[in-house]
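Here's a quick briefing to read alongside the model.

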Amino acid sequence: QVQLVESGGGLVQAGGSLRLSCAASGRTFSFYAMGWFRQAPGEEREFVAAISWSGGSTYYADSMKGRFTISRDNAKNTVYLQMNSLKPEDTAVYYCAADWTHGHRWPATDPYEYDSWGQGAQVTVSS
């Protein structure tokens, strides 16, 4: 019922910017929140940012605050992640996720709190 498709990944130099998009299809009307996570090779999946679907409230991991911006366009069923001042340590596969089942919590920062996931977008930041 829910599908998430990410786009916008790629290679960028340190200090540069990149914007990821996540297009959702299905029962988006039931979404409570959407989030972005990232996972580097050999590392656990890490919370990046979250946004409530209806109100647009945002929450960021401390290391992302001030550099990354999450936004949404409900009419387009799309969530974005604008990434500025990128660092080599930001290199990872970035995943968008949707929280749409019962038991919602805000902010949801654990991967297990999300119900649907995109395929992932590779972001590589060179020195």
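**Salt bridges, disulfide and core**

Arg38 and Glu46 pair up through their side chains in a salt bridge, at 2.9 Å from N to O; the term means a side-chain nitrogen of Lys or Arg within 4 Å of a carboxyl oxygen of Asp or Glu. Keep in mind that this is a predicted model, where local features need pLDDT of at least 70, side-chain atom pairs count only at pLDDT 80 or more, and totals for chains, interfaces and linings use all residues. Residues are numbered from 1 along each chain as its sequence is written, and side-chain values use heavy atoms, with hydrogens and water left out.

**Salt bridges**
- Arg38 is buried at 8% relative accessible area, while Glu46 is partly exposed at 33% (buried is under 20%, exposed over 50%, partly exposed in between, with a 1.4 Å probe and protein chains only).
- Asp90 and Arg67 make another salt bridge, 2.8 Å from N to O, and both residues are buried.
- A salt-bridge network links Arg38, Glu46, Arg67 and Asp90.
- The structure has 5 salt bridges in total.

**Disulfide**
- There's 1 disulfide (cysteine sulfur atoms within 2.5 Å) in the count.
- Cys22 and Cys96 form it, with sulfurs 2.0 Å apart.
- Cys22 and Cys96 are both buried.

**Core**
- The largest nonpolar core has 36 residues, and Trp36 and Tyr94 are among those with the most contacts inside it; such a core is a set of buried Ala, Val, Leu, Ile, Met, Phe, Trp, Tyr and Cys residues joined through side-chain atoms within 4.5 Å.
- Beyond its neighbours within four places in sequence, Tyr94 is in contact (heavy atoms within 4.5 Å) with residues including Trp36, Arg38 and Met83.
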